[in-house]
Amino acid sequence: MKSLKLQPETTIGEEIAMQLRGMGTTFTITMIDDCEGFETAILRDDVCGDMTIIQSIANEIKVTHLDENEIEAIKAILL
């Protein structure tokens with residue numbers, strides 16, 4: 001699991017576009033807004049099952065990539 005801290009000028013929409021640009025696959029995108037106004041976008045690769053989680057927290061955009069093996073490990077712990 002890798003996290004990347006980006007420039008605060010980047011918006012969550014811009015980061016979604018950046019992640020999708022040049023990819024030869026399709027994604028399912030889920031957007032979540034919490035009560036404090038933070039946004040989270042979850043991009044799930046429809047071909048390989050990897051996920052990219054993009055969060056806007058305290059005026060910063062954070063991106064986390066999870067491959068299918070990491071997702072299965074998290075599921076095993078949570079279930």
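The briefing below goes from the whole chain to selected elements.

This is a predicted model, in which local features need pLDDT of at least 70 and side-chain atom pairs count only at pLDDT 80 or more, while totals for chains, interfaces and linings use all residues. Residues are numbered from 1 along each chain as its sequence is written, and side-chain values use heavy atoms, with hydrogens and water left out.

**Overall layout**
- The protein has 2 helices and 5 strands, taken as DSSP runs numbered from the N terminus (helices H or I, at least four residues; strands E, at least two).
- Read from the N terminus, the order of elements is β-α-β-β-β-β-α.
- Of the 79 residues, 24% count as buried, meaning under 20% relative accessible area with a 1.4 Å probe and protein chains only.

**Helix 1**
- In helix 1 (residues 12-20), the buried residues are Ile12, Glu15, Ile16 and Gln19.
- They lie on the same side of helix 1 because they cover an arc of only 105 degrees around the axis, the arc being that of the directions from the helix axis to the C-beta atoms.
- These buried residues pack against strand 2, strand 3, strand 4 (51-57) and strand 5 (60-66), where contact means heavy atoms within 4.5 Å.
- Just after helix 1, Gly22 has a positive phi of about 80 degrees.

**The hairpin**
- Strand 2 (residues 27-33) pairs with strand 3 (residues 39-45) in the antiparallel sense over 7 bridges, pairing requiring that DSSP finds at least two bridges between two strands.
- Phe27 has Asp45 in strand 3 as its bridge partner.
- The two strands form a hairpin with 5 residues between them, and Gly37 in the turn has a positive phi of about 90 degrees.

Technical notes
Buried < 20%, exposed > 50% of the residue type's maximum accessible area, 1.4 Å probe, protein only.
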